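Subject: Handover of a structure, with notes

Dear colleague,

I am passing on the structure below, together with notes on what I found in it. Please read them with the model open beside you.

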Amino acid sequence: MRTLAVTENITLDGVIDATEGWFAPAGEENADQSDLNEALRQQAAAADAVLLGRVTFEEMRGFWPLQTNDETGVTEYLNTVEKYVVSSTMTGPQWQRSTVLAGDVEDHVRELKGREGRDVVVTGSITLVRELIALGLVDEYRLFVYPVVVGRGARLFDDATDVGKLRLVECRPFRSGVVLTRYSANE
């Protein structure tokens, strides 16, 4: 069975909502991020599917395919990986290798996890992520913790009372001050 991994950029106080301007996509900051970019490439190599909510999908579709000088490899990865967008309103995704999943999220995700392949990664997509957490479908959390406190915004684990104990799999600091913390949800 494939691993469903939630990968989020998150502040020290648990905010994943980037509207306060604390997060810039990889490669846009001035700090040396070559080690962070390498970690992103490693995660991309371990996954062959991305699962997104409609809003995050549309934001990514409006940004990443337009990048022409992306040294991080994110643009190439997103243009070639299988993308699944959960939406009850979208009919045509308008991004290559994209499939709309309408209907029962749990059924779609269980079927996707049951297929042969590498990891399925969910990023952004706070509404979808919270639903996946509530359904007990998340196998791993990959949190890129930024050394920032914003004090407000959507938090990853708001009202997530059924998460249970997580097991630390990896903790890796980067030169930029970001720290990757990976937790397994399966004991």
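The structure holds seven aromatic pairs, where rings of Phe, Tyr and Trp (its six-membered ring) count as a pair if their centres lie within 6.5 Å, and where planes under 30 degrees apart are called stacked, over 60 edge-to-face and the rest tilted. One of them joins Trp22 and Tyr146 in an edge-to-face arrangement, 5.5 Å centre to centre and with 65 degrees between the planes. This pair links distant parts of the chain, since Trp22 lies in the loop between E1 and helix H1 (34–45) while Tyr146 belongs to strand E6, 124 residues apart; the helices (H or I, at least four residues) and strands (E, at least two) are DSSP runs, numbered from the N terminus. Trp22 is buried, with a relative accessible area of 10%, and Tyr146 is buried as well, at 6%, where buried means under 20% relative accessible area, exposed over 50% and partly exposed in between (1.4 Å probe, protein chains only). Ring pairs link Trp22, Phe23 and Tyr146 into a cluster.

Before going further, please keep in mind that this is a predicted model, in which local features need pLDDT of at least 70 and side-chain atom pairs count only at pLDDT 80 or more, whereas totals for chains, interfaces and linings use all residues. Residues are numbered from 1 along each chain as its sequence is written, and side-chain values use heavy atoms, with hydrogens and water left out.

Which residues of H4 are buried? They are Val105, Val109, Leu112 and Lys113, and they lie on the same side of H4 because they cover an arc of only 95 degrees around the axis, the arc being that of the directions from the helix axis to the C-beta atoms. What covers them includes E1, E2, E3, E5 and H5, while the face of H4 turned away from its buried side carries the exposed residues Asp107 and Gly114.

In H5, the buried residues are Leu128, Val129, Leu132 and Ile133, which cover an arc of only 140 degrees around the axis and therefore sit on the same side of H5. They pack against E1, E2, E3, H4, E5 and E6, whereas Thr127 and Ala134, on the other side of H5, are exposed. H5 is followed by Gly136, whose phi is positive, near 70 degrees.

Finally, Asp119 is found in strand E5 (residues 119–123) and counts as buried because its relative accessibility is 13%. Leaving out residues up to four places away in sequence, Asp119 touches Arg2, Thr3, Ala46, Ala47, Asp48, Ala49 and Arg142, where contact means heavy atoms within 4.5 Å.
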